[in-house]
Amino acid sequence: MTQPTAAPSGGGNGPQEADRLREMLRNRAYLRGLAFSALIGIPVSLIAFWFLVLLQELEKGVWQGLPQELGLSSPPWWWSLPAALLSGVIVGAVVSRLPGKGGHVPAGGLHAGGASAAALPGVVLAALGSLPLGAVLGPEAPLIALGGGLAVLLAMLVRVRVTEQSSALLGAAGSAAAISALFGNPVIGAILLIEVAGVGGPQLFAVLLPALLSSGIGALVFTGFGRWTGLKAGSLSLDLPHTPPLEAGDVLWSVLMAAAIGAVLHWAPVVGRRTAAFVAGRPFSRTVLCAVTAGCFPALYALSTGRSPAEAALSGQGALTELAGNPQAWSAGALVAVLAFKTAGYAVCLGALRGGPVFPSLFLGAAAGVLCAPLPGLGTVTGMAVGMAAASATMLKLPLSSVVLVTLIVEDREALPVIVLAVVVAFVTTELMPRTLRGTRGAGGTRFTRAG
C-alpha cells in the first residue's frame, strides 16, 4: 500500500491544488489506504477499550480493593511508597531491556509517527507499571503508541505491503482510533493527531493563534453588544441550557489566571526533561529512584491534609470528577496542597515513567480554577474552564486541541470565549518563558540535551 506524495501548498494555486486533490482521491492506492484505515479502526478501538478497562480495574484494585482486603477504609498515607517502588522496578526493566523503551518520554510531549509493532510489549508493560501504581500521568500517550503499532502489526499480518509513507498513514489512523476511545469523541482524536503530527509546522501556529484569539474576542464582542442592544445577529446556535452569562470579571480574571498558570506550570516539563536526562545515564536504578521520589509527594500530601494519597497520585481523572461534582468538599488548604504536591510528582513522572500529560494537567487546572473561584466576578464553572484550558495549553502545546477538549468537557457555550482566551494567553506565555533545557527527537525516542 503506497501513499501519494502530497503537493506543496502555496498561495494562488487554488485550481491546481483542487486538481491534485481530485487526482489523489481517484488514486486506487490512496482509496485502498482509506478502506484499510476504516477496517483497522474496529480492532484497534476494541483493543484500546479493553486496555483502558484493564488500567481502570488495576487502579481500583490497588487503591480501593487491596486496602479494603487489608481491613483499611482508605489507603494510608504511606500507600504510594511501595506502589511507586514496584512501578520503578517495572518501568526501569522495560526501559533497560525491551525494544522501544516503553514509548516516548512524557516530558517530550505527545508524539505521533514511528509506529512499531516491536515496541508494543514494552509500551503496554510500561503503561501497566506506571498508571495504576500512582504515576501522575494519563493513558493518552500509550494509547497513541498502541494504536499506531497495532495498525502496522495488523497490516503485516494480512500481508499488506508497508512502506515508510503507508506506515505513517496507518500509524496516524490507528492512533486516532485508539485516542478517540479515550475521549469518546472522534473530533478530538483527529484534531489532536493533526496537531501532534505537526501538520503545517510553525506556520500552523502562526496562522492558528491569531485566528483563535480574534475569534474569541469576536465572540465576546458579539455576546456583550447583543446583550446591550437586545438585538441578535442571526448566528447559528441551539437553545440549550447553560450557565449564567459572562461578565467583565470573568474576562479579566481569565487572562490573569491563564498567564499565571502558564508561567508556573511551564516548569513541570522543564523539571521533567532534567529528570529524563538524569535517568538516561543509568535507566534502571535511576528510574526506581525517581519513581520512589514521585511516590513521596502523595505521602506528604496525605500527612499534611489527612486526605487520601490517591488525590495527589494517579492521573487525576477520578479526582477531577469528584472535584467538579462537589468543589465545596475541598478546603483552600487542601487545594493548595494538592496543587503543590501533585505538580511536583507530575514533574518527576514526566521524566521517569511512561504515560501522557493530558489528564493531570486538566485536574491541576481545574483545582486552580476552584481555588480562584471566590475572586469577584469569576465563579466556579468559569474558573474551572479557564484553569483546564490554560493548563492543557501549557502542557500540550496544542492550542486547538486544548480548546476543543475543554469545550467538550465543560459543555458550556458561554464559557467558550474565555476558554479560547485562556488557551492563547497560556500558550504565548509558555512559549515566551526561558528554556533551560531543550529536547531533541531521535530515532529511539526523545533525547534531552542542555541548552547552551
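Trainee: Is Phe 49 buried, partly exposed or exposed?
Mentor: This is a predicted model, where local features need pLDDT of at least 70, side-chain atom pairs count only at pLDDT 80 or more, and totals for chains, interfaces and linings use all residues. Residues are numbered from 1 along each chain as its sequence is written, and side-chain values use heavy atoms, with hydrogens and water left out. Buried means under 20% relative accessible area, exposed over 50%, partly exposed in between (1.4 Å probe, protein chains only). Phe 49 has 43%, so the class is partly exposed.

Trainee: Which helix holds Phe 49?
Mentor: Helices are DSSP runs (H or I, at least four residues), numbered from the N terminus. Phe 49 falls within residues 28-69, which is helix 2.

Trainee: How many residues of helix 17 are buried?
Mentor: Helix 17 covers residues 416-432. Its buried residues include Pro 417, Val 420, Phe 427 and Thr 430. Helix 17 is mostly covered, and the buried count out of 17 is 12.

Trainee: What is the distance between the end C-alpha atoms of helix 17?
Mentor: The expected span is 1.5 Å times one less than the number of residues. For the 17 residues of helix 17 that gives 24 Å. The model agrees, with the end C-alpha atoms apart by 24 Å.

Trainee: Which element has the lowest mean pLDDT?
Mentor: pLDDT is the predictor's confidence in each residue, from 0 to 100. The protein's mean is 79. Helix 11 (residues 283-305) has the highest mean among the elements, 97. The lowest, 42, belongs to strand 1.

Key
Helix = DSSP H or I, 4+ residues; strand = E, 2+ residues; numbered from the N terminus.
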